[in-house]
Amino acid sequence: MKAIVYDQAGLEPENPRALYETDIAVPTPGPRDLLVRIHAIAVNPVDTKVRRGMTPDGPRILGWDAAGVVAAVGAEVSLFRPGDEVFYAGSLLRPGTNAEYALVDERIAGHKPATLDFAHAAALPLTSLTAWELLFDRLGVPEGGGEDRTLLVTAGAGGVGSILVQLASRLTRMTVVATASRPETQAWVRELGAHHVIDHGKGLIPELKRVGVSSVTDVASLTHTSSYFAQFIEALAPQGRIAVIDDPDTLDVVPLKRKALSLHWELMFTRSMYQTADMVRQHEYLERVAALVDQGVLRSTLGEHFGRIDAANLRRAHALLESGKARGKIVLEGYGEMAASHPAA
């Protein structure tokens, strides 16, 4: 099968060796695996972080978001059957989705929303799971509740922010404040349901005051946590909560004590990495997301379609993500003829 791989960390995405095309064998499903024929993929910051920071033992397939069709199932699979259209975000411990076929444990896959094509569906799994777990599992906001709570979402126009704003504004009664700095991204998060939009470049505290928000009860820190941490502490009401998804070098949590603030980490891959007893929750969450999409409650956060799945387009997508200027999710769809040779050194 055709696949896009990397074998050397730290290369700029413009370098042809950063991601290149090759042929490998189609994998064989294990007992609870689905073998999925990949129709569309989405690119996430984790893709670029792994490519930049981790040198693999051999050529590695990146990519986690995908939508496709089940081609075969393992002997113990009970949730799906061949021919089902699925979407999922995969596991950090397994080869990724930048290939014609990929394996995924049925417990972390969902049936694709019937009202979406593959490209729009591929934009949803990783960010939906991250946002769902952050809001409901980590911050503990009850669905339909939160009327006395105000949520501050940094990077509201990014991949996770775009779905988190929707979940919070449509499935809870929280007041949602999202950060965005450009006119087009500010318009985007307003469309998604944010009650207030502030410019993080002008300082969180003065911007919150500008929109009439004296304090917040919850923070979803989706990027640059270490830069905003002191401002979060100042903005939060006593006994507030901070949920973090990025990778700050370090955080001094001592200042949280005075206000009895709590810090929560969200990593969507934890359930699959540790094969937790509640791993099937991710299947349940994706089924719920699909239903909400089909009911018109949630919308896909596809921001840009970069064309077919090939190394050049994928490198271009990595470059845009690393620039920090992406809006919503970057999606690629379908395979054309791809060269199988390793690029010249």
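**Exercise 1: The buried side of a helix**

In α1, the residues Val46, Asp47, Thr48, Val50 and Arg51 are buried, where buried means under 20% relative accessible area, exposed over 50% and partly exposed in between (1.4 Å probe, protein chains only). The model is a predicted one, in which local features need pLDDT of at least 70, side-chain atom pairs count only at pLDDT 80 or more, and totals for chains, interfaces and linings use all residues. Residues are numbered from 1 along each chain as its sequence is written, and side-chain values use heavy atoms, with hydrogens and water left out.

Task: State which elements the buried residues of α1 pack against.

Solution. Step 1: helices (H or I, at least four residues) and strands (E, at least two) are DSSP runs, numbered from the N terminus. Step 2: the packing partners of the buried residues of α1 are β1 (2-6), β3 (33-43), β4 (60-61), α3 and α10.

**Exercise 2: The largest pocket**

Task: Describe the volume and the lining of the largest pocket.

Solution. Step 1: on a 1 Å grid over the protein atoms alone, a pocket is an open set of points with protein on both sides within 12 Å along at least five of seven lines, a cavity is a set where a 1.4 Å probe fits but cannot get out, and lining residues have an atom within 4 Å of a point. Step 2: grid points are joined across faces, edges and corners, and a volume is the space filled by probe spheres set on the points. Step 3: the volume of the largest pocket is about 1400 Å³. Step 4: its lining has 49 residues, with Pro45, Lys49, Leu222, Thr223 and Ile245 closest to the centre. Step 5: two or more lining residues come from each of α1 (45-53), α3 (125-138), α4 (159-171), α7 (225-235) and α10 (311-323). Step 6: α1 contributes the most, 6 residues. Step 7: the lining comprises 21 nonpolar, 20 polar and 8 charged residues; Ala, Val, Leu, Ile, Met, Phe, Trp, Tyr, Cys and Pro count as nonpolar, Asp, Glu, Lys and Arg as charged, and the others, Gly among them, as polar.

**Exercise 3: Two domains**

Task: Determine how domain 1 and domain 2 are placed and how the largest pocket relates to them.

Solution. Step 1: the protein is divided into domain 1 (2-126 + 278-333) and domain 2 (143-266), with bounds from an automatic or database domain assignment. Step 2: their C-alpha centres are 27 Å apart. Step 3: 14 residues of domain 1 are in contact (heavy atoms within 4.5 Å) with 16 residues of domain 2. Step 4: each domain supplies at least three residues to the lining of the largest pocket.

**Exercise 4: The cavity**

Task: Find how many cavities of 30 Å³ or more the structure has, and what lines the largest.

Solution. Step 2: the largest cavity has a volume of about 70 Å³. Step 3: among its 14 lining residues, Gly90, Ser91, Arg94, Pro95 and Leu103 lie nearest the centre. Step 4: strand β7 (residues 101-105) provides the largest share, 3 residues.

**Exercise 5: A glutamate in a strand**

Task: Is Glu304 buried or partly exposed?

Solution. Step 1: Glu304 belongs to strand β15 (residues 302-305). Step 2: Glu304 is partly exposed, because its relative accessible area is 33%. Step 3: neighbours within four places in sequence aside, Glu304 is in contact with Leu320, Lys329, Ile330 and Val331.
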